[in-house]
Amino acid sequence: MSSLKKFAVATPRPLPVIVLADTSGSMGENGKIEALNAAMKDMVSTFAKESRLRAEIQVGLITFGGKAQMHLPLVAAHGVAGFSEFKADGVTPMGAAFDLARQLLEDKDRIPSRAYRPVLILLSDGQPTDDWEAPFKALCDSERAQKATRLAMAIGPDADEAMLKDFANDAEAPIFKAHNARDIHRFFRAVTMSVTTRTASQNPDISTAFVVPPPDDDALDLDFQ
Amino acid sequence: MRFIACGASVIGPRHRDLGEPNQDAMVLAGCRGGWIAAVADGLGSRARSDLGARSACQGTRRILRATSSSLDLTATLPLIHQQWLEAIVPTTPRDAATTLLFGSVTDQGEVHAVQLGDGLLLVKCAGEFRRITPERTAYGNQTWALESTHLQDRWNCTKGRFTEPGDGVVLMTDGVADDLEPAHLADFFDALYQDLSARNRRRGRRWLQSELNDWATPLHSDDKTLVAIFRTSE
């Protein structure tokens with residue numbers, strides 16, 4: 001007698017989390033890039049340790065500072081031994097980063113059709129320096145890529161809040177404004193909580209409450225200028 | 001003409017852990033020397049999707065039993081939707097939303113089958129295997145479903161004739177379908193036939209339940225339902 005087991009896919013259903021991180025030169029000021037690096041490591045290590053999962057959380061990091069590139073290919077969080085820290089340098093080619101994200105979201109080999117709805121997170125402290133409108137429209141119009149949940153964080157007073165508001169599409173999570181390094185950590189703690197809650201929930205495709213934890217009043221932190 | 005028909009529906013680990021009911025449903029019944037079958041998967045995000053799935057399957061059985069076996073199944077779809085709306089009252093269509101796949105096989109081996117939403121509909125006629133369900137364009141768990149309005153063009157339909165042993169129809173919910181290797185669906189279909197035709201109906205059902213409960217995909221969580229009807233001989 002045969003068994004149906006040999007016809008079953010041998011990998012868990014993935015839940016992709018893709019971060020589009022502004023690593024332009026201005027992110028090197030006021031401790032922003034350091035806070036972002038620490039928050040990334042916290043998020044990935046928490047995903048890796050999460051044990052209640054009904055899905056495999058995968059993480060992909062796209063940076064845009066000088067040029068847009070896949071800093072960390074989309075891989076299972078528990079398989080990430082480490083990744084190089086972001087370095088702040090160059091201009092802000094956000095449009096090129098949108099293209100990379102769309103290509104990834106449309107690629108059925110890298111994100112199969114059985115995957116849970118991906119989460120796409122954009123964070124930036126400034127204005128895009130390339131032609132971002134056309135790539136952004138392509139991302140929003142793509143039959144597949146448009147289905148991703150999109151979250152956004154504006155870092156400091158110079159971020160393009162109007163564009164970031166257009167990017168965010170989750171009613172539970174309006175654009176978050178980070179005024180200091182602690183806020184970057186708070187945002188990613190909320191992302192981490194939201195994603196891990198989804199993977200343990202009845203339906204990992206349903207958005208969960210996006211609650212940014214309150215600031216730690218004892219901590220001393222200077223606002224981004 | 002002889003057939004073997006078998007179906008099973010098992011609760012997934014997620015609902016079992018939460019103490020919640022199976023949100024899949026199925027029916028499999030003999031009808032005028034042939035068979036009728038349905039599977040449904042209540043949308044996981046909806047409050048009474050278990051009721052929606054159960055009502056869809058029971059209503060389908062009632063209507064197919066009362067309908068001439070020569071009637072095209074697509075003609076029954078508006079009636080099935082209307083009866084589903086009445087059966088779920090006072091629950092709203094939104095709270096009871098469910099996928100639905102069903103089919104009928106006559107005593108002469110004529111097969112009709114239809115599908116709304118996620119899951120997988122596989123058919124083999126005259127030795128030719130076909131996947132009726134189109135490839136999904138986006139991601140998992142984004143599906144059409146029975147809700148407030150009947151939309152005929154959302155349904156996939158097929159018909160054919162069983163002419164050889166091993167011809168058949170298989171209906172399953174996405175708890176099974178999403179974890180099957182797409183390239184091996186024809187082999188999966190044939191393996192089901194081989195295993196079920198080697199067992200009597202009761203042992204076949206137990207075997208299928210066991211296979212679905214011991215599903216091999218890591219972290220699998222969904223409820224799982226599968227119904228199969230195969231021609232075995234003249």
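This is a predicted model: local features need pLDDT of at least 70, side-chain atom pairs count only at pLDDT 80 or more; totals for chains, interfaces and linings use all residues.

A: Let's zoom in on helix α3 of chain B, which covers residues 77-87 and has B:L77, B:I80, B:H81 and B:W84 as its buried residues. If you look down the axis of α3(B), those buried residues fall within an arc of 100°, so they line one face of the helix.

The face of α3(B) turned away from its buried side carries B:P78 and B:E86, which are exposed. And what sits over the buried residues? The cover on α3(B) includes α2 (49-66) and β5 (110-116), both from chain B.

Next, let's step back to the core. The largest nonpolar core has 67 residues, and the ones touching the most other members are B:A37, B:A38, B:V170, B:L171, B:L226 and B:A228. Take B:A37: leaving out residues up to four places away in sequence, its contacts include B:V27, B:L28, B:F102 and B:L171. There's also another core lying apart from this one, made of 63 residues, with A:F64, A:V119, A:L151 and A:L164 among them. As a general rule, in soluble globular proteins, nonpolar side chains tend to be buried together.

As for chain A, buried residues make up 47% of its 225 residues, and the chain has five helices and six strands.

How values were computed. Residues are numbered from 1 along each chain as its sequence is written. Chains are lettered from A and ligands numbered from 1 in the order in which they are written. A residue is buried if 20 or more other C-beta atoms lie within 10 Å of its own, exposed if 12 or fewer, and partly exposed in between; C-beta atoms are placed from the backbone. Helices (H or I, at least four residues) and strands (E, at least two) are DSSP runs, numbered from the N terminus. The arc is that of the directions from the helix axis to the C-beta atoms. Two residues are in contact if their C-beta atoms, placed from the backbone, lie within 7 Å. A nonpolar core is a set of buried Ala, Val, Leu, Ile, Met, Phe, Trp, Tyr and Cys residues joined through C-beta atoms within 7 Å.
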